[in-house]
Amino acid sequence: MSIALTPGRIVVASHNAGKVREIADLLGPLGFIVQSAADLGLPSPEETGSSFEENAVLKAQAAARLSGLPALADDSGLVVDALDGAPGVLSARWAGPERDFGGAMRKIEDALQAAKATLPGDRRAHFVSVLALALPDGPVQTFHGRVDGTIVWPPRGNRGFGYDPIFMPDGHMRTFGEMSAEEKSGWRPGQSRALSHRARAFERFAAAVRDQIVVE
């Protein structure tokens with residue numbers, strides 16, 4: 001079931017500049033004017049959920065309530081099979097308050113080495129993204145995306161953000177950190193399937209609101 005949403009101002013409930021930029025690039029062709037939570041001075045709610053969906057919903061609801069605008073929030077992370085799903089919903093927290101993802105990637109590699117996960121088949125992982133759209137009057141809808149791949153070491157590439165340099169998606173010989181933003185997350189309605197987890201979640205978002213949007 002689609003939700004009633006028309007182009008206009010929308011809040012991306014994040015203070016992560018890389019994530020906001022990626023979502024803004026996806027929203028732009030649909031006629032939305034993006035403002036981030038940071039632009040509006042909105043606080044970041046404590047992420048107390050035990051799943052990506054719960055955290056996405058609480059962030060979107062908080063931003064919609066405080067701004068009086070529709071809000072789109074993403075909760076995403078890296079799930080490593082050999083680490084029993086870690087870092088998972090704690091992906092950002094593994095980087096610490098300084099957002100040291102270099103240290104976080106090293107932590108993942110050390111844990112994989114300790115688990116003797118040295119062969120590619122032992123280093124399977126996937127990125128998950130859940131987008132939550134909340135309206136000021138209460139309705140919320142979520143959209144899920146996933147991309148599977150392998151953890152590589154050492155990190156490769158300085159594009160993207162977060163764990164991108166150690167994640168090589170299936171069917172590719174380069175990491176997300178070696179891909180341009182267009183290769184990784186570029187997608188427009190009517191195109192073939194997107195690559196990144198966030199863009200795949202966004203495909204579902206666009207399909208849900210297709211009756212309420214105008215694509216130029």
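**Entry 1: His126**

I looked up the surroundings of His126 and found that, residues up to four places away in sequence not counted, His126 touches Gly77, Leu78, Val79, Asp81, Arg146, Val147, Asp148 and Phe167 (contact means heavy atoms within 4.5 Å). I note that this is a predicted model, in which local features need pLDDT of at least 70, side-chain atom pairs count only at pLDDT 80 or more, and totals for chains, interfaces and linings use all residues. Residues are numbered from 1 along each chain as its sequence is written, and side-chain values use heavy atoms, with hydrogens and water left out.

I placed His126 in strand 4 (helices are DSSP runs of H or I with at least four residues, strands are runs of E with at least two, and both are numbered from the N terminus). His126 counts as buried because its relative accessibility is 10% (buried is under 20% relative accessible area, exposed over 50%, partly exposed in between, with a 1.4 Å probe and protein chains only).

**Entry 2: nonpolar cores**

I then examined the largest nonpolar core, which has 21 residues; Leu78, Val80, Ile108 and Tyr163 touch the most other members. Such a core is a set of buried Ala, Val, Leu, Ile, Met, Phe, Trp, Tyr and Cys residues joined through side-chain atoms within 4.5 Å. At least two residues of this core come from each of strand 3 (71-80), helix 3 (101-114), strand 4 (124-134) and strand 5 (140-151). Helix 3 gives the largest share, five residues.

For Val80, with neighbours within four places in sequence left aside, I listed contacts to Gly85, Ala86, Pro87, Ile108, Leu112, Arg124, Ala125 and Ile151. A second, separate core has 20 residues, including Val20, Leu133, Ala199 and Ala206.

**Entry 3: helix 5**

I checked helix 5 (residues 197-208) next: ten of its twelve residues are buried, so the helix is largely enclosed by the rest of the structure. Among the buried ones are His197, Arg198, Phe202 and Glu203. The buried residues of helix 5 pack against helix 1 (17-27), strand 3, strand 4, strand 5 and helix 4 (181-185).

**Entry 4: Thr175**

I located Thr175 in the loop between strand 6 (167-169) and helix 4. Thr175 counts as buried because its relative accessibility is 0%. A polar atom of the Thr175 side chain lies 2.6 Å from the backbone oxygen of Arg156, and the side chain of Thr175 also reaches the backbone nitrogen of Gly177 at 3.2 Å. Neighbours within four places in sequence aside, I found Thr175 in contact with Val152, Arg156, Asp164, Pro165, Phe167, Met168 and Pro169.

How values were computed. Polar contact = N/O pair within 3.5 Å; in protein donor to acceptor, adjacent residues only side chain to side chain.
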